[in-house]
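Let's take a walk through this protein, from its sheet to its core. Have a look at the picture first, then read on.

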Amino acid sequence: MSLLSVENLSVSIHGTEILRDVSLSVEAGQIVGVIGESGSGKSVTALSSVSLLPSAAVVAGSVKYQGEEMVGATEQRLRQVRGNDVSFIFQEPMTALNPLHTVGHQIAEPLRLHKGLSRAAARAEALAPGWSPPAG
């Protein structure tokens with residue numbers, strides 16, 4: 001079973017198709033990059049995976065995270081996945097990392113919000129040594 005499986009994902013907004021039949025899978029430990037020209041659908045694909053598109057968006061297809069369907073999932077379930085398991089840092093400089101805060105602070109913030117950790121516990125987890133990308 002894939003960690004993330006996207007099959008035939010399509011998105012329309014106000015009747016205009018903006019994403020058509022995207023399929024991909026990500027295995028545990030795998031690092032995947034999505035590249036393409038501006039406007040090619042990279043952000044829409046990512047945001048669709050946890051239902052972060054505007055309410056006018058109509059999403060068709062399947063997005064499964066750890067075998068669980070995310071398209072049509074309850075808001076409560078999506079909130080559990082967002083920030084705890086799935087997070088994004090987009091390339092857009094005005095909405096990515098805030099230069100007024102340390103990276104550690106910005107990693108700790110969702111840990112506090114989504115896991116209910118204290119400031120000290122979130123900071124300790126954000127600064128914990130030992131993470132490295134998988135070999136391969």
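Helices (H or I, at least four residues) and strands (E, at least two) are DSSP runs, numbered from the N terminus, and two strands pair if DSSP finds at least two bridges between them. With that in hand, Leu 4 has Val 26 in E2 as its bridge partner. E1 and E2 run antiparallel and are joined by seven bridges.

A word on where this comes from: it's a predicted model, where local features need pLDDT of at least 70, side-chain atom pairs count only at pLDDT 80 or more, and totals for chains, interfaces and linings use all residues. Residues are numbered from 1 along each chain as its sequence is written, and side-chain values use heavy atoms, leaving out hydrogens and water.

The protein has four helices and four strands, in the order β-β-α-β-β-α-α-α from the N terminus. The strands form an open sheet ordered E2-E1-E3-E4 with antiparallel pairing. E2 and E4 sit at the edges, each pairing on one side only.

Now for the core: a nonpolar core is a set of buried (under 20% relative accessible area, 1.4 Å probe, protein chains only) Ala, Val, Leu, Ile, Met, Phe, Trp, Tyr and Cys residues joined through side-chain atoms within 4.5 Å. The largest one holds 15 residues, and Leu 9, Val 11, Leu 19, Met 70 and Val 81 touch the most other members.

Beyond its neighbours within four places in sequence, Val 81 is in contact (heavy atoms within 4.5 Å) with Val 50, Tyr 65, Met 70 and Val 86.

Conventions:
Buried < 20%, exposed > 50% of the residue type's maximum accessible area, 1.4 Å probe, protein only.
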